[in-house]
Each structure stands twice: as structure tokens, then as C-alpha cells.
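Take a moment to look over the chain, and then read on.

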Amino acid sequence: MKGKYTYRLRYEKTPEVRYVSHLDFVRVLNRTVRRSGLPITYTEGFNPHPVMMVAMPLSVGVTSEDEYIDIDFDEKVDEAEVLKRFNDAFGGGFVATAVKCIGEGDLSLKKLDEAKYRVIVEQEGTDVPDIETFLSRDTIVVSKKSKSATKDVDIKNDIKSLEIVKTEGNYIVFDIDVPAGNEYNLKPELVVHAMDKYLDGFNVKFVLAHRTALLCKGQRFI
């Protein structure tokens, strides 16, 4: 069952809930929707649930400032009221930052094709990795896990952008842009571990990723 109106919610996942899984987030979202008192559209049948779609699940341990959910409503509601009610019902750790009642001219979340990340890496030494040498390789082969298997893939052409933002002692901050979406996605951690594999003197101890944007052809969804 589809509602009369679709509202797009942008939200943040803060460090407080860094280790909440996607499945647990869906449970939180279901409770939030019910507590909000908004005229949400529900599926029919014995166990009705809200009609909604999450743009792209976050990996456990990853935070974000640019996540999206589309939720169907039976009635039109002022966008400011929707934002307020969601934040009142969300609880700690998840924060709604924008709401828009979308129409046919708006980007579909299904068209998502890129994600941007700010990644903090702790390494064993203090050498600054040679990004130019890394990206100039003919191939960058890594082991990539899927739902069914683990296989070696060449990710060289999948790294849209890789830049060093800051270095401090044995900590390095990177900005990494990678493909994202239902058909194919690349985790920024895999790019970091590829650098560990191919660059001498760069030995990774810990990786902390934060998603800064989800995009479709370079555009944000709100």
C-alpha cells in the first residue's frame, strides 16, 4: 500500500550510537514512527508495518551526517512539524536535520551512486602515505566480501577521490569518495587496507569512518 504523500527525512547517526546495527536501527525507526503520532501509511495484513525505505544501510561502527529515509504518509503535514515530531520521538543518538515532501521531480533514493567519507586512520609509524604512487598503480587488487563469497577484485577505477586532509603523529585523516548503491558499493575501509597492502611504511592499526554525503550524480537528496 502506498500513501498519498512521501516525506524524505535526512538524519545523522552520532558517535553515541556508532555500534547500533542496521537491523537495530530499523527497530528504533519503527518505534519512532509510532511514537511520533504522525499519519504514517502502514502495510495491510496481519502484521502491518510503516511504508518506508532507508537509502543505504551503514556498517556497524560508522557514523554519518547525511542519511535518508523515505516514509509514506496518508495526510499532508507541515514539514517543520514532521521534523519536530521525529526528533521528539527519536531518542538519543539519531538526529533528524531536514524534511521534505517529495514529488516526481525529486531524485529517487534508488538512484544513489556515490558516498563521501571522512576517515581517521591510526598507523604504527608516522610516515605520510604516497597517495600519488598508490593511485598510479595499474591495478589495486583486494579481497572483497559479498553475501555469498569473498573474491579478489580490482578497485583502482572505483576510487573516485582519495585525499589526505590532515596528519598528526601516527594519525592521518583522509577524504575518500567511492561508489555506493544497490548494485555496487565500496567501503572506505577497504581503500585504507589496500594502501596498507601496497604502500611500504603504512601499517594500519585502527580505522574510524564517518559518512559525510550520499549523492546521485553529484547531487544531495535534499
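A cavity is a set of grid points where a 1.4 Å probe fits but cannot get out. Rolling a probe the size of a water molecule over the atoms shows where empty space is left. Please keep in mind that the model shown here is predicted.

**An enclosed space**

How many cavities of 30 Å³ or more does the structure hold? There is 1, and the volume of the largest cavity is about 100 Å³. Its lining is made by Tyr11, Lys13, Val20, Ser21, His22, Phe25, Val54, Met56, Pro57, Leu58, Glu67 and Phe94. Strand β1 (5–13) and helix α1 (22–36) each give at least two residues to the lining of this largest cavity.

**The overall plan**

The C-alpha atoms fill a box of roughly 60 × 30 × 30 Å along the principal axes.

Of the 222 residues in the chain, 45% are buried. The accessible surface comes to about 12100 Å², and carbon and sulfur atoms hold 47% of that. Among contacts with a separation of 6 or more, 73% are between residues 24 or more positions apart.

**An open pocket**

The largest pocket has a volume of about 860 Å³. Which residues lie nearest its centre? They are Ser59, Lys144, Lys145, Asn185 and Lys187, out of a lining of 29 residues. The elements β6, β9, α4 and β10 each supply at least two residues of this pocket's lining.

**Helix α4 and its cover**

Helix α4, one of the elements that line the pocket, spans residues 188–198. Its buried residues are Pro188, Leu190, Val191, Val192, Ala194 and Met195. What covers these buried residues? The cover includes strands from several parts of the chain, β5 (114–123), β6 (141–145), β8 (161–168), β9 (171–179) and β10 (204–215), along with helix α3 (131–135).

Helix α3 is also where Thr133 is found. Thr133 has a relative accessible area of 40%, so it counts as partly exposed. Thr133 and Leu199 are 66 residues apart in sequence, while their C-alpha atoms are 8.4 Å apart in space.

**Charged partners**

The structure holds 12 salt bridges. Three of them are set out here, each with the distance between nitrogen and oxygen.

| Salt bridge | N to O distance |
|---|---|
| Arg27 and Asp24 | 2.5 Å |
| Glu67 and Arg211 | 2.7 Å |
| Lys166 and Glu168 | 3.5 Å |

Where do Glu67 and Arg211 lie? Their salt bridge links distant parts of the chain, with Glu67 in strand β3 (residues 63–73) and Arg211 in strand β10, 144 residues apart. Both Glu67 and Arg211 are buried.

Arg27 and Asp24 both lie in helix α1, 3 residues apart, which is about one turn of the helix. An α-helix has 3.6 residues a turn, so residues three or four places apart point the same way. Are these two partners buried, partly exposed or exposed, and why? Arg27 is partly exposed because its relative accessibility is 42%, and Asp24 is partly exposed because its relative accessible area is 36%.

Lys166, which forms a salt bridge with Glu168, has a relative accessible area of 46% and is therefore partly exposed. Elsewhere, salt bridges with shared partners join Glu114, Lys116 and Asp177 into one network.

**At the surface**

Tyr19, Val60 and Phe206 make a nonpolar surface patch of about 350 Å². Phe206 is placed in strand β10, and with a relative accessible area of 43% Phe206 is partly exposed.

Lastly, look in the segment after β10, where Lys217 lies. Phi of Lys217 is near 50°, a positive value in a residue other than glycine. Is Lys217 buried or exposed? Lys217 counts as exposed because its relative accessibility is 70%, and the cut-off for exposed is over 50%.

Methods
Residues are numbered from 1 along each chain as its sequence is written. This is a predicted model: local features need pLDDT of at least 70, side-chain atom pairs count only at pLDDT 80 or more; totals for chains, interfaces and linings use all residues. Side-chain values use heavy atoms; hydrogens and water are left out. Buried means under 20% relative accessible area, exposed over 50%, partly exposed in between (1.4 Å probe, protein chains only). Helices (H or I, at least four residues) and strands (E, at least two) are DSSP runs, numbered from the N terminus. Contact means heavy atoms within 4.5 Å. Patches are made of residues with over 30% relative accessible area and no salt bridge: like charges are joined within 9 Å, nonpolar side chains (Val, Leu, Ile, Met, Phe, Trp, Tyr) within 5 Å. Accessible areas come from the Shrake-Rupley method with a 1.4 Å probe; for residues, only the protein chains shown count as cover. A salt bridge is a side-chain nitrogen of Lys or Arg within 4 Å of a carboxyl oxygen of Asp or Glu. On a 1 Å grid over the protein atoms alone, a cavity is a set of points where a 1.4 Å probe fits but cannot get out, and a pocket is an open set with protein on both sides within 12 Å along at least five of seven lines; lining residues have an atom within 4 Å of a point. Grid points are joined across faces, edges and corners, and a volume is the space filled by probe spheres set on the points.
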